[in-house]
Amino acid sequence: MKKALLKFFQRIEPDKSKRLLHTGYEAFFTFAFVPDHVTKDGVHVRDGMDLKRLMTFVVISMQLCYLLGTYNIGHQHFVALGQYTGLFEGFHLKLSYGLVKLLPMWIVAHVVGLGIEFYFSAKRGHGVEEGYLVTGALIPLIMPPDLPLWILSFQSSLPLLSAKKAFGGTGMNVVNIALLARVFVFFAYPADISGDEVWVAGLTKAAEGGVADYGWFTLHVLNPLFDTFGWTGFNPAAAVVDGYTGATPLALAAKGGWDAVTQVYTPSQMFWGIIPGSVGETGKPFIILGALMLIATGVASWRIMVSMAMGMVFMGLVFNAWGFNPLMEVPWYYHFSMGSFLFAMAFMATDPVTAASTNRGKWIYGFFIGVVGMLVRVMNPAYPEGWMLAILFLNVFAPLIDYFVLQGNIKKRLKYVQQ
Amino acid sequence: MESGIRSGKAFIKKVLRMKKSTSPFFLTLSMMLLAQGVFAQGSGSQGSDLLLYGLLAAVVLIFFYLLMQVSDHMLAIEAQRMGLNPDQRKKVGLIPSLTAGLFSKSAPAYVGKAPFIPLKKGFNILLEGAAEKKVATGDQVRTFGLEPGQFLGMSPIPKVLVEEGANVKAGDLLFYDKKRPEIKYAAPVSGEVIEIRRGEKRAITAIVILADKEIQYRTFDAFDWERSSREDLVTYLLEAGVWPHIRQRPYNIVPNPQDIPRDIFISTFDTAPLAPDLDLVVEGRGEHFQKGLDVLSKLTPGKVVLGLNANGKSSPSPVFTNAQGVEKYWFSGKHPAGNPGVQIHNIRPISTKDQVWVLGVQDVLTIGALFASQKYDAARVVAVAGAELNHPQYVRTYLGASIADLVKDNLKHEHVRAISGDILSGSKLGMSDFLGFYDDQLTIVKEGDDVELFGWLIPQEGRPSVSGTYPNVLFPSRQYQASTNTRGERRAFVMTGQYEDLLPMSIYPQHVLKAVITGDYEGMEGLGLKELVEEDVALCEFACTSKQPLQKILREGLDLMHAEE
């Protein structure tokens, strides 16, 4: 197997003068094989860990979110239509519908992003760096399921070019690329990513009066396919049930506090993620499992996660004690299961490139993300969720935090150095 | 009166600083209490009262905590004024047993009351092929060589004092540095100079000696070091050719003879992978070791400091533990706890004005032998280790032994790399080269120039790794076969905190190195570049996810700083 594959690669190796082709070839070759490079100067034996493995482990830790996200797209769709309201009813329909929605997003995000990565790597004459593997996996998870693909492709390339490639590529960016992609969508196409009607896929309107809105693939490929097995198919005439709202818990809480939330969703629904929302952020147990995996393998910083949770709890308590409006009175522990706090904590704030780089700095960085994120979530009337903005804000401040931590180290050293 | 005011001011400053350092603790404490209050508020009708009580309780607790902190720090200040060393200072406090027992590892019984410094950070790379603990006679090693290129900062063409074909005795001078002619280098063995090897631009790469069967020694006049002046002693050391055995920190170079070190540090154990057991090395040579220490103590107005190993189940060799006239510190912890740089940092860090000197244990033996028996005795016990050897073993030979002779009839196969020193900071050698001047270890590892299918994701064989993504953490005592494969390609810095966890020093390695890359002198100096040498960051380089050449970057920085002086 190894020899056959190696032979195949040797046969297809393009000429080195075709730089783009050769860069692409090298990327695939080093994906299949660890190259035969040996250490030259410095350390003679190297750790088995490299950037590919690091990034792949982050992607692996997100897989459960992908699984639930896919299923939940279908489930929310049918709940809005009043069909198969039980969790496992219409399993094949929900799963296939989720795939129909999510797979194109995943493919577009990767083709566009990796295309840019390959192009720049060829231009600059270095190997394709693996940073985009995580960014590309994150982007579909943080978008609403019905986001038009042209927006997705436009907005996953723009941040990549302006915030990463312009700064020098992987490891050099100041802000988190996946979040920046979401911010770009948020400010350029607000109608597609905010409000109560964008979080459920495949409806003309996620409120009373809407009807199912299926594409060609669903009706002309999937339906006949299911028909041959004798399974039920998609019903293009289905309408949204009376009194349905596609609002997320946070939107409800902003209007009427915790009582308004519990009228629509139970806490356990919110915990398990059977609610409308961005694709990957709803299933809390799966995010927690992913976070635990990242912590156990040492891939992501537990300091950031813990301090971010501390910051959020702290602000939650302050708001509880203050109790100025219904949203402030939402018990602080329910803030964990509403919205995307856990997802942001596990996968966004811990990005090592944009976070503070000193251990002490990480505590400060995480804590202030928690504080600022809660401020935006609770105090800001325009936008119900805060983590995206809080993390980007602290990304910008991370070098400053590090600067002060390092100055502390310098001052400490000056003391004994000048004795 | 005035001193009273000053100490009062200092005290207030201390308290202020302390408040800063303990604030995260206050935060969590008050948060816990607040949380309780809020919970109660939800359930009871008198919720607001409960919240108030909770807050009050928090304030009271914080007050008491502050009080305790203040008194504890006052004790610490007092301890510092009394001039206690850092380890003794740790035992002073309001509840000393608590802080000592909870937050630090307790010392093994054989340490007794001596200062004990447990180091938590670091990592032991466990490799197959450790040398068997028995010293073989190195009769097969017949050629020896001295390679001038290994001495940092030496001119590429030193002045050679012998000619090809000449007969030399052990201790006869071979060459000296043209930049510093007073520093002379001696022949480790007696015999015929069979080759003066030249490399690019006629640089002298090695002076090769075919050793006599019976080593002849150059005879020195007896020297009464106890009664002579320090200057005379230095001159004697220079003339005898033992001066290069001393190295200076910062920069890890041979010191200038006119410099006076603050202290002299000797680490009596090596934690590097497959490193020799120095207890075995000094067996039966206690007298020479003690003599060496005595002479060294004459060279410094400060102390000669021994770093002792507290990792073992039993006490290290009595040669070390019974050494007289020295300061002893016990260290426990994983690699790089045995590095002198790490020990210096944790005992008394180097300041800008001072320098300290560092010697290896066998270098001390050589100096001791010079004064005990008036001859230049460069005998070395060398660990020849590695999984690619039939019999990894210790060999009794001399300084600069030929690699080919050392591994004669012992290699499993030829596709190997010979490393003078350990796999982390040693230097790559060919079979015709010679063991480094300061090295007492030869490591043989497999050349890993082979591709591996999906090796980065699902490796086919075990490999050493710091990372938790490998199942290695589940088998802490498993040994691995080393290979020189880079295990991936070089990338930009991505991971953070990785180096910090591997260096038991109060230094941010990544930021020091970034300061070097960006040419930021203030950063380099302020963040402690001068306290580091290659071997200290070698472990970080091993673990580096981005495969960056940290030792090379560090040396560039050190060269820059050295040139500035």
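Val34(A), His44(A) and Arg46(A) supply 13% of the area that chain A buries against chain B, more than any other three residues. The contact (heavy atoms within 4.5 Å) takes 72 residues from chain A and 79 residues from chain B.

A word on ground rules: this is a predicted model, where local features need pLDDT of at least 70 and side-chain atom pairs count only at pLDDT 80 or more, while totals for chains, interfaces and linings use all residues. Residues are numbered from 1 along each chain as its sequence is written, chains are lettered from A and ligands numbered from 1 in the order in which they are written, and side-chain values use heavy atoms, with hydrogens and water left out.

Back to the interface. Across it, the rule finds four salt bridges, a salt bridge being a side-chain nitrogen of Lys or Arg within 4 Å of a carboxyl oxygen of Asp or Glu. Glu489(B) and Lys52(A) form a salt bridge through their side chains, at 3.8 Å, N to O. Several elements of chain A each give at least two residues to the side that touches chain B, among them α1 (2–12), α3 (51–61) and α16 (387–417); helices (H or I, at least four residues) and strands (E, at least two) are DSSP runs, numbered from the N terminus. The largest share, nine residues, comes from α16(A).

The chains also meet strand to strand. β1(A) runs antiparallel to β20 (residues 452–453) of chain B, joined by two bridges; strands pair if DSSP finds at least two bridges between them. Here Val34(A) stands opposite Glu452(B).

Now look inside chain B, where an open sheet of six strands runs in the order β1-β13-β12-β11-β14-β10, with mixed pairing. β1 (116–118) and β10 (247–249) of chain B stand at the edges with a single partner strand each, so one side of each has no neighbour in the sheet. From one strand to the next, the twist averages 30 degrees. β1(B) and β13(B) run parallel, joined by three bridges, and Phe116(B) has Trp330(B) as its bridge partner. Helix α9 (residues 340–347) of chain B packs on this sheet, its direction making about 125 degrees with that of β11(B); axes are lines fitted to C-alpha atoms, for helices over the stretch in contact, and angles run from 0 to 180 degrees between N-to-C directions.

Technical notes
Buried area is the accessible area (1.4 Å probe) that two parts lose on being put together, summed over both.
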